[in-house]
Amino acid sequence: MQRHDADSVLAALARTPGDVAGARRVARRFADVDAGERTALLWSEDAGARLVAVLLLVQAMRAHPDPELTDEYLAAAKAERFEDTVLVDVAAEELVGVPLVGASTGPLFALAKSDVAMVRRIAVVATLAFVKQGDAEVPLAIAGRLVRERSDTVQSALGWVLRETGKRASESALVAFLERNGRLLSTAARATATEHLPPAERDRPRG
């Protein structure tokens, strides 16, 4: 039987273009890599290795939901191992948000208070799990905590999640949120948040 270890994953990754699609292919191929090797990839200095490790965590969570997978992901994020927002965007919803649907949302608000911008982005992106259940309250509450954030790491996530909240959960709740807080969003985030709204709503002064 072929031995699937971190070095094998890195060798396979080197034969890809280095994009997310390539990393997904490698993660699917090495889905049976053991937890220790996955951890080695997650804490690697190689950015591609970290992406594959995050995708492996998502695959593992889909197969057998386990809070330890969430903890492993968040430990790396809190240790500032995530330099690229893609490590949040491909995983936060499934690793952090989905386990909290129907449970206490306290952990999301704790993440929103983090000193680490990527962890705050995780708090925002994770709320997509609620949006897809038609729940506008949780994402808008998290957005309200972070709307004054100046970091593009967070602002770009706010624009994305607010747009999805309006499209999938409640347009009226989004419009009300923007009436209160729209002026606090960056120009780019506000444009993203409102791009699906009718022109009359999209172009109104906010907040």
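Is E80 buried or exposed, and what is its relative accessible area?

Tutor: E80 is exposed, with a relative accessible area of 57%; exposed means over 50%, buried under 20%, and partly exposed in between (1.4 Å probe, protein chains only). This is a predicted model, in which local features need pLDDT of at least 70 and side-chain atom pairs count only at pLDDT 80 or more, while totals for chains, interfaces and linings use all residues. Residues are numbered from 1 along each chain as its sequence is written, and side-chain values use heavy atoms, leaving out hydrogens and water.

E80 is placed in the loop between helix 5 and helix 6 (86-89). Helices here are DSSP runs (H or I, at least four residues), numbered from the N terminus. Although E80 and A117 are 37 residues apart along the chain, their C-alpha atoms are separated by 9.0 Å.

We may now turn to helix 9. Nine of the ten residues of helix 9 (residues 117-126) are buried, so helix 9 is largely enclosed by the rest of the structure. Among the buried residues are M118, V119 and R120. R121 also lies in helix 9 and counts as buried at 4% relative accessibility. The side chain of R121 reaches the backbone oxygen of T153 at 2.5 Å, and makes a polar contact with the side chain of S156 at 2.8 Å. A polar contact is a pair of N or O atoms within 3.5 Å; within protein, one must be able to donate a hydrogen and the other to accept it, and residues adjacent in sequence count only if both atoms are side-chain atoms. Not counting residues up to four places away in sequence, R121 touches several residues, including T85, D89 and W160; contact means heavy atoms within 4.5 Å.

S114 is found in the loop between helix 8 (106-112) and helix 9. With 17% relative accessibility, S114 counts as buried. Leaving aside residues up to four places away in sequence, S114 touches V119 and R120.

Finally, let us consider helix 5 and its partner. The axes of helix 4 (residues 47-63) and helix 5 (residues 67-78) come within 9 Å and cross at roughly 165 degrees. That makes helix 4 roughly antiparallel to helix 5, a term for angles over 145 degrees. Axes are lines fitted to C-alpha atoms, for helices over the stretch in contact, and angles run from 0 to 180 degrees between N-to-C directions. In this contact, V54, L57, A60 and M61 of helix 4 meet L69, T70, E72 and Y73 of helix 5.

Terms used: Helices (H or I, at least four residues) and strands (E, at least two) are DSSP runs, numbered from the N terminus. Angles under 35 degrees count as roughly parallel, over 145 as roughly antiparallel, 65 to 115 as roughly perpendicular and the rest as oblique.
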